[in-house]
Structure formats: structure tokens, C-alpha cells
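User: I am new to reading protein models. Could you take me through some features one at a time?

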Amino acid sequence: MKSLLKRFVVAASALLVFAACQKEEEKLILDFSAVPVVSVSAPSVVLVKENADKDALTISWPKPNYGYNAAANYTIMIDKKGGDFSKAASMNVGTGLSKTFKGAELNSLLLGLGLTPATAADIDVKVMSALGGRTILSSALATVKTTPYLDRLDLSSPWGLVGSATANGWDGPDQPFYKTETPGIFVAYVNLIDGDIKIRQDNKWEVNYGGSAGKLSAGGDNIKVTAGTYKVTFNLNASSYAVEKFSWGVVGDATLNGWNGPDQNLTYDPSTDQWFTLTTLKAGDIKIRQNNDWAVNYGGSAGKLSAGGDNIKITTPGTYLIVADLKPTGLKYTLTATKVWGLVGDATPNGWDGPDQAFRPDLSKDGVWTLTGVKLKVGEMKVRADNKWDTNYGDDGANGTLELNGANLKVAAAGTYDILLDFSNATAPKITITKK
């Protein structure tokens, strides 16, 4: 009797185990037809700069029934209509089931895809769901008609300044002239040494101007200059030019050189028609003035500037990005505590000890930094903040997405590169390295 009972218990246990296994096996059968079904909040979106900080488009999808309780990871991909998604914009949203784009974020994405400002164009949207390490399911495409806006000024011109007094000598590339509000009048902001300059078109000699005493002629004589920081005005309408000492700078007891200067120079940014600098400040006061002189100076508070206004207070020491709109119709400033990003490594000119190759902020896109025309060697490099190792980024997957303390970035071929660093999505910063 005991033996029979024992056999019964064993058999019952086996049946339970078998049933449990069957149940578990049923739970783990994936329904490959269970893909995300994408919805968009509007079939058409017209973006305007005035609504840059407002919600523009929401992409969402209900969680599919995968046949078991799957922990899916979702990625939104956006490409131009008819694209193959090989150069699509992608955003990982983790286990979330929606993504809302602000106007500025969506606009930047659309321009990055090559869409033309102020022109309507369709985009394709799809959502990829990743299950486990290898299974990726794709939604059907959703289409949205979008119209981006121009988020940066195009003040470029075919004209440039060339010569022994310029940074690149007679061989160029030339120092650029920028458009002004008056057609046919261009300006260049340059640091010159003792020497000669001429004005030419498209970095070529077929069309060039020289002269003296403010008058220009085709193929004319070299224009002689002495060392200094200048604004050069080229008037194509009147065949004339002007070379005048010109700079904007930050001065004050919060700066390294105090109230007596020399001032911390501001750099012109043609994409926004503003002036900026990255500088370290102490607690104290600053003002903005022209030509290291008090004849023209600005102060203020709460982002507003006025001629001869009050000192601008700095309460917290640190590194700041100062941006100033010094046009009579603008007269405003921003003062933002920031990290200064740089490139370091044996692939860079200064090696692992630095100083780093400094990125420049793109004032038209928050969180975007650029490094143009840097000469790199075969080797490795990383991105770090403030010439220190406390905050540094590499690329573990060699896929353009940066990770904190990630693997070194590899440079396989020596040459001249343009590098874009995008921290607009702080959780997944990206780097784009382009050989010129």
C-alpha cells in the first residue's frame, strides 16, 4: 500500500511539472505579428520659431500583446518620405509608449534630415520594439507633413579677405565676409598682423579687389594694414572699403584682468548675429564694452542691456557662456553656467595631456557644439569637460552615441575633420565625425 501511494505521488508530481512546463512554454511563445501601431497627434505640423518651446508633435502606440509579458524597449525612427532609414533620426524611449517633441527639438531633427526651411515635406515614422537581445519588430509607417523653420541666419557670402596679414595667408581659405541688412555691403571681423590684404570671390583670383584710401578697383593694389582686431567693411555697390579697429569685450572685477582690462574678447556668431565668449568668472561685476574703452559700454540686469547701464552681477564663480545681442534693436544678453567641451588624445595635436581642442557652442541649437577643421592623426581620443577627466565620454558601441567613461574614439585615417557634439539629449549624447 505504501509503495502504491509513493508511485501515485511521483506520478502526480510529474504531471504537475509537465503541466507547469507546458504552461511556461505557452507563455514564452512570441506573436511576431504583435508590432507597435503608431499614432501621431496631427497629420500636418507647421513649425514656427515663436513656438519653439511648445509641444509640436506626439508619437504614441499602445503596448502590443506579444503573447507573454514581454519587457520591450522602443526606438522611434524618422526619415524623409521614401527613405531607407539608413540615415534616419532615432530616439530610444526605453519602455515608454510615447514621445512628445517640442518645436525646437522637432525642427532641429527635420533640418538634420535635410528638409528645406519654410517648405512642406512628408516624413516617415516607425517604431522598433526590441525584445531580448536579438528580436526586433517594426511597426508600419506613419506619415506626417512637416514644415520646418530656419533656426539660424544665413549671412554667408562668396566674398573673403585674403593676404599675408590674415590667419591663412595668401593661400587661404579666406576670412569670410558676412551679409548685412544692406544688400551689397559686407563685413568681416578679423584679427590681422602687419601685412597686406585683398578682397576676392570664392577663394579664387578671377574676381579680386584691391586699392587704397578707401577706394577699390578690380585687381587693384594690396591694402596695407597693421596688427590689430578689425571690422572690415566691403561696399560692392560703391567699390569702397573701410578698415576700423573694432572689438567687443567683457571687463570687470569678476574677470581675470579686472576693470583695467585688457577685456575678454567676444567672438562674432553669424548664425545668430550675436557675440559670445566662454570665460571663467569670479564673484563680482562685469560690463560689455567696445574697443577696450569706456566710450561705448553696456550694462544691465535680467537679460536686458542699456548704454552705460548698471554692472552685471556675478554671484557664483564658474565658467560661463556669455551671449550678447548688441544690435540697437536687440540689446540683450544671456549668462549661462556651462562646461567647456574639448577633444583630447594621441590623435589630437596636443596628445593626452592637452590642452584640449575646444569645441565652439552652436548658438542656434541648445546643447550642440562644433569643432571645425581640426587636424587629427591616426590614434585615439575622447571628449571631456574643462580639460579634466572628471567628466569624459567615449563610444562603447562605435555607433556615434557617447557613453560616460566610454571606450576611446578611434581615428583610422589622418586628415582634417569637422566634429559635431550633440548634447541636446543629455541621456544619449551623439558625436558626428566628418573627414573633409
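**Reading the model**

Analyst: Glycine 112 is a place to start: this residue sits in helix H2. Keep in mind that the model is predicted.

User: Is glycine 112 buried or exposed?

Analyst: A residue counts as exposed when its relative accessible area is over 50%. Glycine 112 has 65% relative accessibility, so it counts as exposed.

User: How far apart are glycine 112 and lysine 87 in sequence and in space?

Analyst: The two residues are separated by 25 residues in sequence, and their C-alpha atoms are 9.9 Å apart.

User: What does helix H2 lie across?

Analyst: Helix H2, residues 103-112, lies across E3 and E6, and runs at about 90 degrees to E6.

User: In which order do the strands of that open sheet come?

Analyst: The order is E1-E3-E6, three strands with antiparallel pairing. Strand E1 (39-40) and strand E6 (98-102) are at the edges; each has a single partner strand, so one side of each has no neighbour in the sheet.

User: How many bridges join E1 to E3?

Analyst: Two bridges join E1 to strand E3, residues 55-60, and the strands run antiparallel. Serine 39 stands opposite serine 60 in E3.

User: Now a residue in another strand. Where does threonine 147 lie, and is it buried or exposed?

Analyst: Threonine 147 is part of strand E9, residues 142-147. A residue is called buried when its relative accessible area is under 20%. Threonine 147 has 13%, so it is buried.

User: Which residues is threonine 147 in contact with, leaving aside neighbours within four places in sequence?

Analyst: With those neighbours left aside, threonine 147 is in contact with Val45, Val46, Leu47, Ala118, Thr119 and Ala120.

User: How many residues of strand E24 are buried?

Analyst: Strand E24 spans residues 297-301, and four of its five residues are buried, which leaves the strand mostly covered.

User: Which strand pairs with E24 over two bridges, and which over four?

Analyst: Strand E23 (residues 284-290) pairs with E24 over two bridges in the antiparallel sense. Strand E25 (residues 304-307) pairs with E24 over four bridges, also in the antiparallel sense. Tyrosine 298 of E24 is the bridge partner of isoleucine 288, and tyrosine 298 also has alanine 307 in E25 as a bridge partner.

User: What lies between the strands of each hairpin?

Analyst: Six residues lie between E23 and E24, and asparagine 291 in that turn has a positive phi of about 55 degrees. Between E24 and E25 there are two residues, and alanine 302 in that turn has a positive phi of about 55 degrees.

Definitions and conventions:
Residues numbered from 1 in each chain as written. Predicted model: local features only at pLDDT ≥ 70, side-chain atom pairs only at ≥ 80, totals over all residues. Heavy atoms only, no water. Pairing = 2+ DSSP bridges. Contact = heavy atoms within 4.5 Å. Axes fitted to C-alpha atoms, helices over the stretch in contact; angles between N-to-C directions. Buried < 20%, exposed > 50% of the residue type's maximum accessible area, 1.4 Å probe, protein only.
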